[in-house]
Amino acid sequence: MTMSFINLALKNIKGNLVRSMMAFICVLGISAFFISTMVVSSGTRASMQKGLQRLGADLLVVPYGAQTDIETALLMGKPSHIWMPQDYLDKISAMQGVASVSPQIYLQSLYQASCCSVSETFLVVYDPKTDFTVTPWLQQNLGRELAPGEVVGGADIFSPGNNGTIELYGTTLNLVGNLEPTGTGMDQTIFFANDTAQEIAASSVTKAVSPLVIPQGKISSILIKLKPGVDVRTVMAQVYLDLPDAVPVSTPQLFGTFRDQMLGLLGGVMVFIALAWVLSAILVGLVFSMSANERRRQMAVLRALGATRWYVLKSLIAECSLVAAVAAMVGSVIGFLGIFIFQSYFSGTLKLPFLFPSAVSLLALYLLSLALSLVTAAVATVYPAIKISQTEPAMGMRE
Amino acid sequence: MISLNNVTRSYILDGGSSITPVSHVNLHINRGEFVLLVGRSGSGKTSLLNLAAGLIKPTSGKITIKDADLWQLTDRQQSALRASTIGFVFQFPSLIPTLNVLQNTALPSTFTRLSKYVALERATAALNKVGLGKRLGSFPKQLSAGEQKRVVLARALINEPEILLADEPTSDLDESTEHDIMEVLKELHGDGMTILMVTHSAELMPYASRVLKMEEGNLFECN
């Protein structure tokens, strides 16, 4: 075969360059927009999921009214001061269905103070005896607990002096490692054990611009692991009944406010994309129809020379599909690159939890974008293509 | 070779009225005949040619090519028959503008089982035959009307068809080009090709073995 329908379609694309470019730019724009939105959406979801995994808890108990503060703290790394009685820990431990509990204390470094080498950073104090947030990572990576004077940082924490130390409230601490990135505020958080916190607090009175105060008998949150098969709602109900000043938050519900806002925003964007996609399909269809109609005689000649209706149909649909496919490929790459370049803007300036999706997710999104563009091209072109392929050749020659 | 039995083609116009460019035509063309179809504009010559090739469906009647009832064939069979048996020379410019002369000439081989190598070899030979062997890479817009007609003639020959249907192949051409094209047709006829050609020009009658005349949709034999 000298001229496959693909070859013919390619020649026609080249021959109708202006129109092909119009369709190309249209599909490219919509693909780039679609992909970037999907990557942000997927990256935000992945980040929140990773953050929840990092916590390692089924349930979180926080002081009443502090749900938003805790979400902001964990999600955006914005320090928070929330306190509740430490004896809640024993009460929750005693509840039916609870496997283990671990307290956390939330602190912050001072703002631009000479005694703190990191400014206004979220500090999480954990109990090494019960912790299941940092300890599993320590066991796996260091093979030991943190020693007094040692801290571990989130993925974005580094030693300002590049000497492996961080100064907090006048105390020099060793940064012994960084946790894997989650894309949440936990990446900008410093974790250390209770003993270290008490040491810092004690010496801060003389060494720091302002002392670190850890209220006696108070904690910020309680992380709960449930026994297998236990309904989380049962334990939540017990917390509501027994601890009136505390609120249980199941981890799937954590970040719920933010997730609702994000979903609302993304929903709006997706509606916009859907509309833009329909408009682009109409535009591509019109561009293609005009181009195809001008070539009715050409198609009729092909039929006269021995082309089947199917060949004509294929070559017409291939023409638009090739343009759409290449535009979707290029548009998707532009979308990916745009988000890749500006990802620090999301986590930095916008304080959005964002973790660049995995290669598999990116590939899936890429294929989805490609498939959507091809379907759009097919839908936009199938009617005029069928109409032209069904026209009697002699009738086509008259036009 | 080609038979039209009581063939009629009518068109319904927008206003509801109808026209019948071909009315109850009976025609039998034998293998190797060179039939010239003459008549005034609008007399139905091109419609008859299109009917003979299966490019329009008759309103009534039967058309056979090489004993095959054209409208009993599937689209694929009909297309295959056209590709392998019939060569076309159209009245209007029919070259694909995005293909060069060689590609245009080889195009019909796409619809047969001809290999690419053989197709290009035949296309080159056919273009040499019509005097365009040095314009293989040119595009249609770079050719004169006469050159384009010659490419179309070369294209019609690529699959070595048994039948050539030509619709005013020499219209709008100068005398010399007209003569060149008619000489090629004469040679093809001499080689045994069956030719049905529509023309306005009475001067071309000597080339034909038989002359037919269309008048208001009816076909008459001219002696």
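This report covers the domains, the chain interface, the salt bridges and the cysteines of a predicted model.

## Basis

Residues are numbered from 1 along each chain as its sequence is written, and chains are lettered from A in the order in which they are written. The model is predicted, so local features need pLDDT of at least 70, side-chain atom pairs count only at pLDDT 80 or more, and totals for chains, interfaces and linings use all residues; side-chain values use heavy atoms, with hydrogens and water left out.

## Two domains in chain A

Chain A is assigned domain 1 (5–49 + 259–398) and domain 2 (65–244). These bounds come from an automatic or database domain assignment. The two domain centres, taken over C-alpha atoms, are 48 Å apart. Domain 1 of chain A gives seven residues to the contact and domain 2 of chain A gives six. Contact here means heavy atoms within 4.5 Å.

The two domains of chain A bury about 560 Å² between them, and 58% of that lies on carbon and sulfur atoms. Buried area is the accessible area (1.4 Å probe) that two parts lose on being put together, summed over both. On the domain 1 side, five residues are nonpolar, one is polar and one is charged. In this scheme Ala, Val, Leu, Ile, Met, Phe, Trp, Tyr, Cys and Pro are nonpolar, Asp, Glu, Lys and Arg are charged, and the others, Gly among them, are polar.

## Chain B against chain A

The size of an interface is often given as the accessible area lost when the parts come together. Chain B and chain A bury about 2,600 Å² between them, 65% of it on carbon and sulfur atoms. Three residues, F92(B), T110(B) and F111(B), supply 22% of the area that chain B buries against chain A, more than any other three residues. In all, 33 residues of chain B touch 26 residues of chain A.

Which polar links cross between chain B and chain A? Nine residue pairs are in polar contact (both at pLDDT 80 or more). A polar contact is a pair of N or O atoms within 3.5 Å; within protein, one must be able to donate a hydrogen and the other to accept it, and residues adjacent in sequence count only if both atoms are side-chain atoms. Three salt bridges also cross this interface. E392(A) and R9(B) form a salt bridge at 3.3 Å, N to O.

## Salt bridges overall

The count over all chains is 13 salt bridges. Each is a side-chain nitrogen of Lys or Arg within 4 Å of a carboxyl oxygen of Asp or Glu. Within chain B, K66(B) pairs with E162(B), with the closest N and O atoms 2.7 Å apart.

In chain A, D231(A) and R233(A) form a salt bridge at 3.1 Å, N to O. D231(A) is partly exposed, at 34% relative accessibility. R233(A) is exposed, at 61%. Buried means under 20% relative accessible area, exposed over 50%, and partly exposed in between (1.4 Å probe, protein chains only).

For C26(A), the nearest cysteine sulfur belongs to C320(A), 10 Å away. C26(A) is buried, with a relative accessible area of 17%. C222(B) is partly exposed, at 28%.

Note on methods
Disulfide = S-S within 2.5 Å.
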